[in-house]
Amino acid sequence: MKTSIFVMANLSISKGMKKKHTIIIALLGLGVLYYFYRYTPGEGGVFLTCPFKLFTGYDCPGCGTQRALHYLLHGQIDKVWQENALLLPGVLLTLVLIGLRWLAPNFYQKLMQRINFVHFIILVIFIIGYGVVRNF
């Protein structure tokens with residue numbers, strides 16, 4: 001039987017601790033979203049500079065994500081797509097997985113068990129490919 005990389009990484013912690021961790025992560029996430037909503041990358045606030053772009057001059061697959069997230073929170077979808085085309089599908093996939101985990105936990109568990117290392121490698125190759133293509 002194949003074991004998912006997600007199942008292997010699952011640590012055994014109590015339900016109470018899981019709930020506390022979920023609340024803490026949710027609050028931190030909301031804080032980060034507020035920061036990206038409030039401040040525009042490149043114009044104010046403290047934002048990270050991409051080391052890959054700094055050293056090579058080329059965009060990495062993640063370049064533009066901070067600006068794209070800011071635009072997404074302001075509903076400017078066209079600008080999101082221009083800054084980083086991977087953000088929209090990534091956000092949609094994340095929201096679907098979170099929804100499945102909360103609304104259909106049995107289906108989510110079965111889905112995570114079917115995801116294996118090959119799927120992970122395909123995703124990494126796709127992201128690297130996007131990084132190469134976006135520079136031409």
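User: How many helices and how many strands does the chain have?
Analyst: The model is predicted. From the N terminus on, its elements run α-α-α-α-α-α-α-α. The secondary structure therefore comes to 8 helices and 0 strands under the DSSP-run definition.

User: What percentage of the residues of the chain count as buried?
Analyst: Buried means under 20% relative accessible area. The chain has 136 residues, and the share of them that counts as buried is 17%.

User: Does the term buried, partly exposed or exposed apply to Leu 73, and which residues does Leu 73 contact beyond its neighbours within four places in sequence?
Analyst: Leu 73 has its place in helix α4. The relative accessible area of Leu 73 is 30%, so Leu 73 is partly exposed. Beyond its neighbours within four places in sequence, Leu 73 is in contact with Leu 33, Phe 36 and Tyr 37.

User: Which residues of α4 are buried?
Analyst: Helix α4 covers 65-73, and just after α4, Gly 75 takes a positive phi of about 75°. One of the buried residues is His 70, because its relative accessible area is 6%. The buried residues of α4 are Ala 68, Leu 69, His 70 and Tyr 71.

User: Which backbone oxygen does the side chain of His 70 reach?
Analyst: His 70 is found in helix α4. Not counting residues up to four places away in sequence, His 70 touches Phe 36, Tyr 37, Tyr 39, Thr 40 and Pro 41. At 2.6 Å, the side chain of His 70 reaches the backbone oxygen of Phe 36.

User: Is Asn 84 buried or exposed?
Analyst: Asn 84 lies in the loop between α5 (77-83) and α6. Leaving aside its neighbours within four places in sequence, Asn 84 is in contact with residues including Pro 61, Gly 62, Ala 68 and Tyr 130. Because its relative accessible area is 2%, Asn 84 is buried.

User: Which backbone oxygens lie at 2.8 Å and 2.9 Å from the side chain of Arg 134?
Analyst: Arg 134 is found in the segment after α8. Arg 134 and Cys 60 are 74 residues apart in sequence, yet 8.5 Å apart in space, C-alpha to C-alpha. Asn 84 is also among the residues in contact with Arg 134. The side chain of Arg 134 reaches the backbone oxygen of Cys 60 at 2.8 Å, and at 2.9 Å from a polar atom of that side chain lies the backbone oxygen of Cys 63.

User: How far apart are the end C-alpha atoms of α6?
Analyst: Helix α6 has 17 residues, so at 1.5 Å a residue it should span 24 Å. The model agrees with this, as the end C-alpha atoms are apart by 24 Å.

User: What covers the buried residues of α6?
Analyst: In α6, Leu 87, Leu 88 and Leu 100 are buried. The elements that cover them include α4, α5 and α7.

User: Which helix gives the largest share of the lining of the second largest pocket?
Analyst: The second largest pocket holds about 510 Å³ of space. The elements giving two or more residues to its lining are α6 (87-103), α7 (105-114) and α8 (117-133). The largest share, 5 residues, comes from α8.

User: How many residues of the lining of the second largest pocket are nonpolar?
Analyst: The second largest pocket is lined by 15 residues, and nearest its centre lie Gly 90, Leu 93, Leu 97, Leu 123 and Ile 127. In the lining, 2 residues are polar and no residues are charged. The number of nonpolar residues is 13.

Methods: Residues numbered from 1 in each chain as written. Predicted model: local features only at pLDDT ≥ 70, side-chain atom pairs only at ≥ 80, totals over all residues. Heavy atoms only, no water. 1 Å grid on protein atoms, 1.4 Å probe; cavity = no way out; pocket = protein on both sides within 12 Å on 5 of 7 lines; lining within 4 Å. Points joined across faces, edges and corners; volume = space filled by probe spheres on them. Helix = DSSP H or I, 4+ residues; strand = E, 2+ residues; numbered from the N terminus. Nonpolar A, V, L, I, M, F, W, Y, C, P; charged D, E, K, R; others polar. Buried < 20%, exposed > 50% of the residue type's maximum accessible area, 1.4 Å probe, protein only. Contact = heavy atoms within 4.5 Å. Expected span 1.5 Å × (residues − 1). Polar contact = N/O pair within 3.5 Å; in protein donor to acceptor, adjacent residues only side chain to side chain.
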